[in-house]
Amino acid sequence: MLLVPADWRVAGMTYLKYSNLCADMVRAALKEPAKAKAKAREIIYFRQALWKDGQPQKQVITDTTGGSGGKLS
């Protein structure tokens, strides 16, 4: 069931969740090789440093796609 923009809030979704759902549906409908390119672009990671005594400690890169269990380094 595809929700129209007026229904996403009624369904209890945030706009970000609705937007991600729509993007997933579009990526799933693509044919190769466009599907492989879109899959490569959806990888998201961020860098995080824990602080101790006012100094940054070792930085950790976290993969939010869950492909490698989260931590990359």
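Q48 stands opposite V60 in strand β2, a strand here being a DSSP run of E with at least two residues, numbered from the N terminus, just as a helix is a run of H or I with at least four. The model is a predicted one, in which local features need pLDDT of at least 70 and side-chain atom pairs count only at pLDDT 80 or more, whereas totals for chains, interfaces and linings use all residues. Residues are numbered from 1 along each chain as its sequence is written, and side-chain values use heavy atoms, with hydrogens and water left out.

Strands β1 and β2 (residues 55-63) run antiparallel and are joined by seven bridges; two strands pair if DSSP finds at least two bridges between them. Together they form a hairpin with two residues between the strands, and D53 in the turn has a positive phi of about 55 degrees.

A49 lies in β1 (residues 45-52) and is partly exposed, at a relative accessible area of 25%. Beyond its neighbours within four places in sequence, A49 is in contact (heavy atoms within 4.5 Å) with P56, Q57, K58 and Q59.

One salt bridge is counted, defined as a side-chain nitrogen of Lys or Arg within 4 Å of a carboxyl oxygen of Asp or Glu. R27 forms a salt bridge with D24, and the closest N and O atoms are 2.6 Å apart. Both residues lie in helix α1 (residues 15-29), three residues apart, about one turn of the helix. R27 is partly exposed at 24%, and D24 is partly exposed at 42%.

Definitions and conventions:
Buried means under 20% relative accessible area, exposed over 50%, partly exposed in between (1.4 Å probe, protein chains only).
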